[in-house]
Amino acid sequence: MTRKRVVVTGMGVVAPNGRGLEEFSAALKNGTSGIKFFSELQELKFSCQVGGKPRSLDDVKNEYFAQDRLYALSDAMLYAGIAAIDAYRNAGLVIPEENSDEVDHDTGAIIGTGIGGIDVFAEKVYPALQTGRVRRMGSTVVEQVMCSSVSAFMGGIFALGNQVTTNSSACSTGTEAIIMGADRIRHGLAKRMIVGSSEAAGPYVWAGFDAMRVLISKYNDTPESASRPLSASAAGFAPGSGAGILILEDYELALARGARIYGEVLGTAINSGGMRQGGSMTAPNKKGVQACIRSAVVDSGIAPGDIDYVNGHLTATMADPHEMKNWSEALERKPTEMPLVNSTKSMIGHCLGAAGAIECVATLLQLNQGFVHGSLNCEDFHTEISAFSQCVPQKSVEKNISIAAKASFGFGDVNSCIIFKKF
Amino acid sequence: MTEMNNEKILSEVIGIIGKHTRNQGALATASMETELLKDLQINSARFVDIILEFEDRFNVQIPDEEADSISTVGDAVTLVGKLLH
């Protein structure tokens, strides 16, 4: 069977440096950092006391959800819900009436999360258990803590009758969710998929990473300098949070309804490195990474040289130099011949499970608006990969992009890569 | 006096169930006969939270079997009134 073409017709984003496409796009263009100092982290004796968190949604959440729905939403659900509603409307679609009995069997949702409802567990479940007050926890804990919390409630908002699920593959989650949704449309199993990922903010989500000493701790006084991908002085990532959601559609359906098309999902790949050949729970097998990128290129039916922009995973850890070399190897391009590369994490931090989806929104915005945003805080470019410095803009540049590559890599030695084509 | 107390209880009950009510229009005209699930479209899972809030607000203990008997606003008012007196 001929596979269906998949296009992106809507996007929504709740990011540390902007909510909504207009604000987020402006932040990318202007190099606006969303990384802030959190006194709560200082009080809790975190080494890293900075992070990226979307600004309060208290002033807008009532515009999206009735009081009875808000009552049962965790932060990750709220981020995902607002981004999804924005994306659905952005695609020119009308949210079904609450009292309609019609179910949309052609549309589903794959919304991932990395850490899940650990914040709800810490704030509600654990204290109640420790004090023998299980009965007092109330009814909302399960729907907020269950891994599928960020996707399950979408079913009711959009009357979804197709697959509704959550994936979780650490920092590869968001990109993987988009690929899984695209696969469903490609194979004719759905006509439209709401895809992306969400992650909550705060000490319970970020504590484990602080304990691993993989978070940056030297820039607590200058938070906007803390996220430093590709920098010689990078010494860990700044944790982030938020949500990114895309509306994927069967090209024929999008065409028939005259939808605006942000880009085509030209090719994709998901693989793992088997935690061999240098790979481990926390480090990637470079051959696996390169194979993932190559597979996505082959799946796209393009040549590696056709890619003219790369949105890297690039977290600001010791893995950055390896990643740049992997892109170079996989795309068969010398450092001096590489397309422009940047790290959206330099502005928003590493949004963990939400990273891939927010960064795909960033990729598609750049693709559509003809720019490549600056990669912040790499003025002292990593000496080990100095040959790549010419392909990394430190300030936003105008650039007509036709084909962009986005990849994400995660704990568990898991990889995902999408090739987007401008429409 | 009892009638007055019932009015106060009704007012408090409406306040508590209000935030769990999907159909706010029906809440505005709610009477003792209004059904929580059918008319107000309250998610049945939220009964647990409503009972906890009744217990906190009225300082009573509501046994599960008594809680299960609530289907209308009037049922809630009557039950709370009984436990208070």
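## A covered strand and its surroundings

Both faces of strand β7 of chain A are covered, with A:R192, A:I194, A:G196 and A:S198 buried on one side and A:M193, A:V195, A:S197 and A:E199 buried on the other. Here a residue is buried if 20 or more other C-beta atoms lie within 10 Å of its own, exposed if 12 or fewer, and partly exposed in between, with C-beta atoms placed from the backbone. Helices (H or I, at least four residues) and strands (E, at least two) are DSSP runs, numbered from the N terminus.

The model is predicted: local features need pLDDT of at least 70, side-chain atom pairs count only at pLDDT 80 or more, and totals for chains, interfaces and linings use all residues. Residues are numbered from 1 along each chain as its sequence is written, while chains are lettered from A and ligands numbered from 1 in the order in which they are written.

**Strands of chain A**

- In a regular strand, side chains alternate between the two faces of the sheet.
- In β7(A), eight of its eight residues are buried.
- Strand β5 (residues 107–112) of chain A runs parallel to β7(A), joined by six bridges; two strands count as paired if DSSP finds at least two bridges between them.
- Within that pairing, A:G112 has A:S197 as its bridge partner.
- β8(A) runs antiparallel to β7(A), and eight bridges join them.
- A:V195 stands opposite A:L246 of β8(A).
- Strand β9 (residues 263–272) of chain A is also mostly covered, with nine of its ten residues buried.
- β9(A) pairs in the antiparallel sense with β1(A) over two bridges, and A:V8 stands opposite A:G263 there.
- Strand β15 (residues 414–421) of chain A pairs with β9(A) too, antiparallel and over eight bridges; A:T268 has A:I418 as its bridge partner.

**Helix α1 of chain A**

- Which residues of helix α1 (residues 21–30) of chain A are buried? They are A:L21, A:F24, A:S25, A:A27 and A:L28.
- These residues cover an arc of only 160° around the axis, so they sit on the same side of α1(A); the arc is that of the directions from the helix axis to the C-beta atoms.
- An α-helix has 3.6 residues a turn, so residues three or four places apart point the same way.
- The buried residues of α1(A) pack against several elements of chain A, among them β1 (6–15), α5 (75–90) and α16 (355–369).
- After α1(A) comes A:G31, with a positive phi near 70°.

**Two domains in chain A**

- Chain A is divided into domain 1 (7–256) and domain 2 (268–421), with bounds that come from an automatic or database domain assignment.
- Their C-alpha centres lie 21 Å apart.
- How many residues of domain 1 of chain A are in contact with domain 2 of chain A? There are 62, and they meet 53 residues of domain 2; two residues are in contact if their C-beta atoms, placed from the backbone, lie within 7 Å.
- Elements giving two or more residues to the domain 1 side include β1, α1 and β7 (192–199) of chain A.
- The largest share of that side, eight residues, comes from α10(A).
- By class, the domain 1 side has 29 nonpolar, 29 polar and four charged residues. In this scheme Ala, Val, Leu, Ile, Met, Phe, Trp, Tyr, Cys and Pro count as nonpolar, Asp, Glu, Lys and Arg as charged, and the others, Gly among them, as polar.

**Two loop residues with positive phi**

- A:N377 has a positive phi near 65° and is not a glycine.
- A:N377 lies in the loop between β12 (371–372) and β13 (397–398) of chain A, and is buried, with 27 other C-beta atoms within 10 Å.
- A:D413, also a residue other than glycine, has a positive phi near 60°.
- A:D413 is found in the loop between β14 (403–410) and β15 of chain A, and counts as buried because it has 25 C-beta neighbours inside 10 Å.

**Chain B and its contact with chain A**

- The contact takes eight residues from chain A and ten residues from chain B.
- The chain A side of this contact has two nonpolar, three polar and three charged residues.
- Is B:E35 buried or partly exposed? B:E35 counts as partly exposed, because it has 16 C-beta neighbours inside 10 Å.
- B:E35 sits in the loop between α2 (24–28) and α3 (47–58) of chain B.
- B:E35 and B:S71 are 36 residues apart along the chain, yet their C-alpha atoms are separated by 5.8 Å.
- In α3(B), the buried residues include B:D49, B:I50, B:I51 and B:F54.
- Just after α3(B), B:N59 takes a positive phi of about 55°.
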